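Subject: Structure handover

Hi,

Here is the structure I promised to pass on. Please have it open while you read the notes below.

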Amino acid sequence: MKTKKIHSVLFFNLLWICVFGQYKNINLTNGLPSDHVYTIREDKQGYIWFLTDKGMVQYNGQDCKVYTTKNGLPKNDIWEAFITNDNKVWYITKAEQLGYIENGVVYSFFNEKENLIIDPIFSSKIGNKVYPTGPLKTYSLEQNKWKILNDNLGDKTKDIDLLFHSKLSHISFQNDSLQIFGKNGSLLKKHYLPVVSGKGRRKQLNNNYYVWSKSDEIVFLNLETLEITRFSFEKALGIKHIQHARILVNNEQIQFSGSGVWGVLNEKLELEASYLFPKEIPAHFGIRDRSGHLWLATFGQGVYQISNATQQQKWLLKDQVVQHIDIDQNQLIASVRDQGFFKYQKNTSAFEPYIKDPHFLFGVHSLPQLNKSFYTSKGNITAIHHKKNQIKKHAIIDNDVFARKLIFHDKKLYSSFSFGINQLDYDTLEILENIENTRSCNDLIVFNHRLIAATASGLKEIVRNKALPLKFSKELFNKDIVQLRALTNNELLIGTDGFGAFVSDLKQTKPIESTAFLSIKDVFVEPEYIWVLTNTGILQLENKKPNYRFIRSYDEVDGIPTQDLNGIAVFQNKLFIGTNKGLLQISLPWKPQKNHNHIYIQNASYHNKNLKHTPSYTHKSSLNFEIDIVDLSNNKNQPIWKYRLSPLQKKWTDAYNKQLSFYDPKPGDYTLEIQYKEQTNSYAFSIQPLFWQRQIFKIALWIFAFMLVAVGSILIANRLQRIRNRKKLQEQELSQLQLTALRSQMNPHFVFNSLSAIQYYINQNDFEASERYLVKFAKLIRQFFALSKKNTITLEEEITLLRNYLYIEKLRFKSKLQYAFRIDQKLALKSIQIPTMLLQPIVENAVNHGVFNKKGNGMVIIEFEKINKQTIAVKIQDDGIGMLGHESNGAIKSSQILKDRLHFLKKTGKWYIQYEISTLNESADEKGCVFQFKIEQLQ
C-alpha cells in the first residue's frame, strides 16, 4: 500500500508543536514513586495504571495510589501488566511469585517448583487467563500455583511457543521456517523465512492473532486462516525503525506504540489513526484510553497526558502574543504584538509577515465604502487602498488619540480611542472634530443606519456629531459595554464586562442566559453559530433567534488556555483562537470526545466491619464510605459530586470530601446513591436489628403489654369490686349496728316499764298523767325511727332526743332519777353534725344499769363543750354503781357495739372519734361512771 493512500485514511496525524500548559505531566511531585515508567494500562473501571521500577500506580485523574512490596508485591520493578475481563490487574515481573491486584488487594502465587524464577518476557492474555511465558517455559495459574505447561515437550522447548486456541497446539521455529501444529500434533502449515525474519517481541495477542513486534514492522499470524500479514512502519508512517515497538489490545482496539509514535489498526490491520509524540516529550510508549486521551510513558519524566481535544489542535505563531484575529478581503490577519500583522497562507497553513509594526496593535478595520482597510496600532495607522493597490502609513504623534477602531457612517470617517470619538479626514486622517461625551469608548458599529458607540456607561448614539445616551423602553442600559456585533438586520449583540451578553433591537434588551456574569472578550458571528470568547473559555451558541440556544462550552478541559484568550475567528472551516502563547487552530466541526467519568464506592464499613457481611445494629456507631472518582480530563478543580442515602434523604447533597460518614443509623435497608456528572452508582446494604428491635419482638411486646394491661385491668376491676363489696358490707354492718342500737334503745325493759307506768296511771284514774306519758312515749318512738334513717344529725336534734328519753325515764323512776344538761354557749347547735344514735345508748346504760341498781337516788349529767370549729367534747356521767353495773345483767355488749361503730365511722374518712370510760369516785361504794367523747368532723 502506498504511503499517500495510507495517510488518506488517517483521522489525525498532528505535528509535535508544543505550547506551554497543553500537556499534563504526572511525575514524582504528583505522587509517582518513580519517573521511570515502563508501560501504561487502562482497566475496566477507567483507572490508568503506571508500571514503574518502584511499584505499580493506580491513577484516577488526580491522585496516585501506589502498590509496592509493602502492599504484597513480590518486588517493585514491575514492567508489564494485563487487565482481564474480571478487572484483575495481573502484574508481570521476573520473580518467584506472580499474581494480580483486585479491589485494592495484592494476591501473589508461587511457582509449583519452589525457588524457580519466572521470567515472563513473552506473556499473553487470553480471556480471563494470563500465561506468563519466557524463553523456555510457559505457565498457567492452577489451584493457586503456577504450573509449567510445556514440560512434556522435551529439549526442543527453546524453539516452541504454545498457542491457546481450540484447534492449534503450538508453533515452532525451525531453522528456515515457521511451523504451525494442531491439537493432535500434526503439522498444519509452514511459512518459510524470511517471511518471519526473526522472532522479536512475540506473544498471542488474542484468540485471532499471534504477533511479532520488531523495530521495522509488526507481523500478524491469523490463527484461523494461518496466514501472515505484515504491517510496515515505513509504508504506513514513513518511519523506517521504531525503537521499543509494542502492540496490545486496549478497549477492543489493536494499538501499537514505540518511541515517538502511537497508532491504531482497523479490522483489516491497516493504519486507522496515528499520533507523533511532541519532540519535547521523550516518550517510548503510549496508549489511548476510552475517552481518546493519550498517555505517554517516559524513562525519566514520568507520564504525560495529551487530551483528545489537544490532539485535534495545531499551534501557530508559537510563543507570540496574538492580540487580534480579523478577516480582510477574504484574508485572515493575525495581529502579533511588537511584531506586526501576519497573513495566513492557505497553501502552507502558516502565517507569514505582512505589515511590520512594533507597537501595541488594535487590529484591522475594513471599510468597503472607501475601498480601504486600516491596520491600527498605538503608533501607526496603515491604510491600504485596494483598488489602487497602495499602502500608506500614518504615524500617530499624540499617543492619547490613537485609533482603536475606524468606521464609516453618513459619508464621515470616525475613530474611537481611550478618551472618546473623533471625526477624521478620509485621506490625511487628521482630526476634524471631537465628539463630546464619548469618553471610554470601547467599540463602534453602524447598525440600522445608526452609529452606535459602546462605552463604560452604556450605549450612545452619535447624531450630528453629538453623543446622545441611548434609552430603552423599560430601563437605561448603563453597563460597561466592550463588544458590539450585528446578528441580523434587527438584532445587535451587546457584550459587557462582567454582566454577560445581551441581544437588543435598540428598543429593549434581552440577556443571553448562558453568558450570565461573564466578561465578553470577543465575538465572531457565523451564519449558523456564534462564537463568544469569555474570561472562562469559549461558548458556542446557535445563531437562531429568539433564544440563541447554548450548544456547549470549551475550556481548559478541552485544551483551551482560558486565562490567555484575546481573539477568535472562523476561516475556511477552521477555528482560530488568539492567545498570549500563540495562535490555536482547530478544525471544525469541533467535537472533542466525551470524557468517561466514573464514581465508585471503594470501601463501606459499619462499626469497623465490612458492610458486605450485613452487620447488626450497634448503638452510636458510624457508617463510613470511601468514594473514588475517575476523571481523566484536564479539569484542575476539585471534583464536586453528589450523594443521597435512601430512604433517609430525598434530595441530593453536594460533596467535596471523598470520606462520607453517617452517625448512628437505625436498623433497616438502605441505598447510598452517588453521582458525578452524568455517571451514577449505588450501593444497597442492610443493618440488622438486634432481637429487641425486630418486628416480631415488637409485636410480641405489644401482645405482652396488651395482656399485661388486660390482666391488670381485671385485677384492678376485681379489687375495685372487692372495695365496693367491702364498702357495701360495711354499710350493711353499720346499718345493722344502727338497728342494734335502735333495738337497744327500744329494749323490752324500757318498753315494758313505760307501758306499765302508763297502765299504773290509768288504774289510778290519773288519765291526764297517763295521756301525757303516752304522748311523750309515742313522740320518742317516732324520733327513734325517724333518726335511724339518717347518718348524721345536728347537735340540737341529739340533745332533744336525749331530753325526751330522760323525761320518760324520769316519769318511770320518779325522784330516783335526776338528770342535767350542761351545754357550752359557744356551740352552734343547729349547724354542728354528729353521727346518729351515738350518745343515746350510752345514756340508756347510765340510767338502766347505773342508776337503776343504786340504793338511793341517782344523777345523770350530760355535758357538751366546744374545742374548735370541727371538734366537740361530750361527757356522760352517772353516780350509779360504777363499771360493774354497766356490764352486769348481760347488757347488750354496748361497749363492743360502740367500738365496731366507731371503727366503721373511721373507715369512712369523715370522722375521727375518741372515747374513754373512767370511774367517777374510786373511794365511794357506788363509784359511778364517766363516758368521755372527742368528736372531730374531718369532711
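A caution first: this is a predicted model.

I started with R722. This residue is partly exposed, because its relative accessible area is 49%, and partly exposed lies between the buried limit of 20% and the exposed limit of 50%. R722 sits in helix α4. It also belongs to a surface patch of positive charge, together with R719, R726 and K907. Helix α4, residues 695-745, supplies the largest share of that patch: three residues.

Next, the overall build. The protein chain has ten helices and 71 strands. Its radius of gyration is 59 Å, while the globule rule gives 30 Å for 939 residues, so the chain is more spread out than a compact globule. The C-alpha trace spans about 180 × 105 × 45 Å along its principal axes. Of the 939 residues, 49% are buried.

Then there is F784. Is this residue buried or exposed? F784 is buried, because its relative accessible area is 0%, and buried means under 20%. You will find F784 in helix α6, which runs over residues 767-787.

One distance to check on your screen: how far apart are the C-alpha atoms of F784 and I629? They are separated by 105 Å, and the two residues are 155 apart along the chain.

Best wishes

Conventions: Residues are numbered from 1 along each chain as its sequence is written. This is a predicted model: local features need pLDDT of at least 70, side-chain atom pairs count only at pLDDT 80 or more; totals for chains, interfaces and linings use all residues. Side-chain values use heavy atoms; hydrogens and water are left out. Patches are made of residues with over 30% relative accessible area and no salt bridge: like charges are joined within 9 Å, nonpolar side chains (Val, Leu, Ile, Met, Phe, Trp, Tyr) within 5 Å. Accessible areas come from the Shrake-Rupley method with a 1.4 Å probe; for residues, only the protein chains shown count as cover. A salt bridge is a side-chain nitrogen of Lys or Arg within 4 Å of a carboxyl oxygen of Asp or Glu. Lys and Arg count as positive and Asp and Glu as negative; His and the chain ends are not counted. The place of a charge is taken as NZ of Lys, CZ of Arg, CG of Asp or CD of Glu. Helices (H or I, at least four residues) and strands (E, at least two) are DSSP runs, numbered from the N terminus. Buried means under 20% relative accessible area, exposed over 50%, partly exposed in between (1.4 Å probe, protein chains only). The radius of gyration is taken over C-alpha atoms; the globule rule is 2.2 Å times the number of residues to the power 0.38.
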